[in-house]
Amino acid sequence: MRFLEAQRGSTLIVALLMLVVLSILAITAINSSTVNLRIVANMQAQHEIEAVAQNAIEQILSSVGYFTTPVSGTLSVGGHDVSYSAPMCLDWRKAPGYSEAFGLAPQDTNWEVVAIAQSAVTGSSAQITQGVSILMPAGYCVAADEDEDEDEDEDEDEGSGGGDG
């Protein structure tokens, strides 16, 4: 009988320990789900801002005006301001099947467009760079390497200037 009297409080202690263990498991599960919810919300915000930047690029690509007079600017897309750099012509070549008569043959041009979107609410940002090939009238594309070649030609002309010195 003494043995049973000594064991009376052990059921309470075991029950309290089980309650503590279950409480710790519940708190861990809640914290884990909270962290997972934050991760998913951040991913959703990042995908949304990437879609906004891509939408801005699509708006730029849908109008030839951005390529005939390339300038930097800002577009409002889905409540977000998206800044874009001036479309840059990377290279061009005479379009096949056209005559060189009068120097007006259209050109196959390759352009690069960059859009940067930022969310003021979530702080997420995305930079999207996209290339595009456009058939354009002659003279609208001055590729960067052509500008460098012209600068080199000018430097060579100045350097061979015929001084008697």
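This is a predicted model: local features need pLDDT of at least 70, side-chain atom pairs count only at pLDDT 80 or more; totals for chains, interfaces and linings use all residues.
Local features need pLDDT of at least 70 and side-chain atom pairs 80 or more, while totals for chains, interfaces and linings use all residues. Residues are numbered from 1 along each chain as its sequence is written, and side-chain values use heavy atoms, without hydrogens and water.

**Exercise 1.** Find the disulfide and say which parts it joins.

*Solution.* 
- Look for a pair of cysteine sulfur atoms within 2.5 Å.
- The structure holds one such link.
- Cys-89 is joined to Cys-141, with S to S at 1.4 Å.
- Cys-89 lies in strand β3 (residues 88–94) and Cys-141 in the loop between β5 and α4 (144–159), so the link ties together parts 52 residues apart in sequence.
- Strands are DSSP runs of E, at least two residues; helices are runs of H or I, at least four; both are numbered from the N terminus.
- The angle about the S-S bond is -70°, and the link of Cys-89 and Cys-141 is left-handed.

**Exercise 2.** Describe how β4 and β5 pair.

*Solution.* 
- Two strands pair if DSSP finds at least two bridges between them.
- Strands β4 (residues 107–118) and β5 (residues 125–136) run antiparallel, joined by 12 bridges.
- Ala-117 has Ala-126 in β5 as its bridge partner.
- Six residues sit between the strands of this hairpin, and Gly-123 has a positive phi near 80°.

**Exercise 3.** Is Leu-12 buried or exposed?

*Solution.* 
- Buried means under 20% relative accessible area, exposed over 50%, partly exposed in between (1.4 Å probe, protein chains only).
- Leu-12 counts as exposed because its relative accessibility is 55%.
- Leu-12 is found in helix α2 (residues 10–61).
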